[in-house]
Amino acid sequence: MRKFLLPLVALAALFATPALAALQVDVTQGNAQPLPIAIPDFVTTDPVGANIASVVRADLERSGLFKPVDPRAFVDKVTNINVVPNFANWRVISAQGLVTGDVVQQPDGRLRVDFRLWDVYGESQMLGQQFFTQPANWRRIAHLVSDAIYERITGEKGYFDTRIVFISETGPATRRVKRLAVMDEDGANPIFLTRGDYMVLTPRFNPTAQMIAYMSYIGAKPRVYLFDLETGKQEVLGNFPNMTFSPRFSPDGNKLALSLENNGNSDIFVMDLRSRQVTRLTSDPAIDTAPSFSPDGRQITFESDRGGSQQIYIMNVDGSNQRRVSFGSGRNGTPVWSPRGDLIAFTKQDGGRFDIGVMRVDGSGERLISSGWEDEGPTWAPNGRVLMFTRSIQGGRGAQIWSVDVTGRNERRVMTPGDASDPAWSPLIQ
Amino acid sequence: MSKSQTPAKRKGPPRPTTARSNPAGFAISLFLHLGLVAATWFTWNRMLDSSQESHAVPVELVVAEQTNVQAEAPPPDPDLVIKPSQSIDEPPPLPQFVDLEPAPLPPIPQFKIVTPKTDLDQPDRPKTKKQIVQEADAVLNKILAQAAAPKNAKAGPRVIQGAGNQSLATADLADALKSQIYRCWNPPVGAPNPNDLVVDYTVQLRVDGTVMGQPQLSGNSALGQGNPYTRAAAEAASRAIYQCAPYNLPARRYSDWHEIILRFDPREMMGR
């Protein structure tokens, strides 16, 4: 009998289906579409409520990761942000997120801005914040709201409360006037910092976004200058005998790397901004320039033609361990280390084209992410997710600033008054 | 020598130590003290007055937990503010919006129907050695192709290999669920470490395909809630679960899908 039983039990065990076991499913493909989000005008009697919501909608739409639902499609009206919304009314317009806010004038003249972010399908509040500010600051409040929503939904830091320093270009090609200018990340509030009676190039923010290093031809001698945005004061950086150019601040703001030209050769130096002591980092007879610090401040990436063509190198911050990392086709230059540390953005010249590329810091995984004819000079958003760069229009018809997601998606123009080039993205405003 | 100096000091005239011994000194001291009190009172009053005249500097306070609004920067020189009407001849063109590329659809399974050949009508002939080898190769190829079965095995390898003998029976259910839920899933793909974005949910379904209760995070993803990327990924997956419900699944096999464990893994989408 046991002879028969054993195989029978084994057979039964083999075919027994655990009826109560959960069905396991791997979902590996999704639908990478911008997230539909409803942002009604903030509740207030003042027009600033509509203005804030409008800037938040524009910020999130511009990121390419959100799709604000047209307010004309709303079937519900928010009158009180302290009651739970009727989520069904927002599901019918396919909104997955809902932002409700109000603006209250305080007795001291300030504005109190409250907002809540709701998960329409989960029917829960994801975020609630309150700000106090002077009425003139409403645009910054809108950007702060956008940053908070972006961070809560994507897990990444936002970048809307930032500024861009760039070169504004006017006049005919033969007598181009180049002026230092700054604007908000969305192109609002553009301001000239210099009058245009001397040429300026390669502006870079320091980590507090209060200081700009740039190269200028004041007195027909190209040198690196510092511009203090608080005071408007400018100073020449160091008393170098020859041309200095290509400045870049260290992540702690205490040092500045730059290139110094000498008899047709250029090398990279670093200056301690407190002691003004200068240290030479490269001494190769080839041209070494365009230094950019890693976010931990321990390494510097730069471009050099020491191998026969312009390529990207990395060295330690003391100049040791210099090694080439770009081995792709064509020439590669203007490397910029991502604030996240994982990628280096650069300009590739190949086949008569200039493209923006990114690669890992060991040189692997190279990808081209822009699609223009002459795109160059990338700069990273502080979250390492978006880049801006200069796009020259074919036929010498001017220059524009464009932005693109690090994935290569969502390429779009950054609106500037007139031509603009050489953008540098500030850190988040403190 | 020191001995001779000490007695000499002792012999000196006694020093006046109190006012009792000098009434004039007492009067001078009293006068000076009164003067000091009057001066202090006068100065105190003046200080109070001056504080009322000083200019109060308004300080901008920000109460929100994440905000850092500062006082406004000094107004720019009006000559330096860019006036678009002055610097451009024509309005700047509108930005060109680039449509996002749609995500690639999963491959459609191609079923190949094999009709067995019958050689019954043909007279038997002895096979050559070459024919025997070719037939053996053909059989081997067919077996190996079936074993690999990449085109028809639309269900993920985890379904086939990982979940034991129930998976073969429910692979079609897993396929059906995946094909319904993928269009609602919009994962945040910007994390530096893609492994942070893999989340598991245990979901209870009703027989009509609606979601019963709250989907529960499970596995490692439940531990990674402090990571903002994992939290964002978990919420994106939760939105997908709700948004795509109710699920269209055969009611007669409800016992197979009343509870599902969904693993949302965007690493393939990110190309990593």
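This is a predicted model: local features need pLDDT of at least 70, side-chain atom pairs count only at pLDDT 80 or more; totals for chains, interfaces and linings use all residues.
A residue counts as buried here if 20 or more other C-beta atoms lie within 10 Å of its own.

Of its 17 residues, 14 are buried, so H4(A) is largely enclosed by the rest of the structure.

Now step back to the whole chain. Chain A splits into domain 1, residues 35-154, and domain 2, residues 163-425. Their C-alpha centres sit 36 Å apart. Where they meet, five residues of domain 1 of chain A are in contact with five of domain 2 of chain A. On the domain 1 side, helix H2 of chain A (residues 48-62) gives the largest share, three residues. By type, that side of domain 1 of chain A has one nonpolar residue, one polar and three charged.

Finally, have a look at a sheet in chain A. This one is open and has four strands in the order E18-E19-E20-E21, with antiparallel pairing. At the edges you'll find E18 (288-293) and E21 (323-324) of chain A, each pairing on one side only. Strands E19 (residues 299-304) and E20 (residues 311-316) of chain A are joined by six bridges in the antiparallel sense. To follow one such link, go to Gln299(A): its bridge partner in E20(A) is Asn316(A).

Notes:
Residues are numbered from 1 along each chain as its sequence is written. Chains are lettered from A and ligands numbered from 1 in the order in which they are written. Two strands pair if DSSP finds at least two bridges between them. Helices (H or I, at least four residues) and strands (E, at least two) are DSSP runs, numbered from the N terminus. A residue is buried if 20 or more other C-beta atoms lie within 10 Å of its own, exposed if 12 or fewer, and partly exposed in between; C-beta atoms are placed from the backbone. Domain bounds come from an automatic or database domain assignment. Two residues are in contact if their C-beta atoms, placed from the backbone, lie within 7 Å. Ala, Val, Leu, Ile, Met, Phe, Trp, Tyr, Cys and Pro count as nonpolar, Asp, Glu, Lys and Arg as charged, and the others, Gly among them, as polar.
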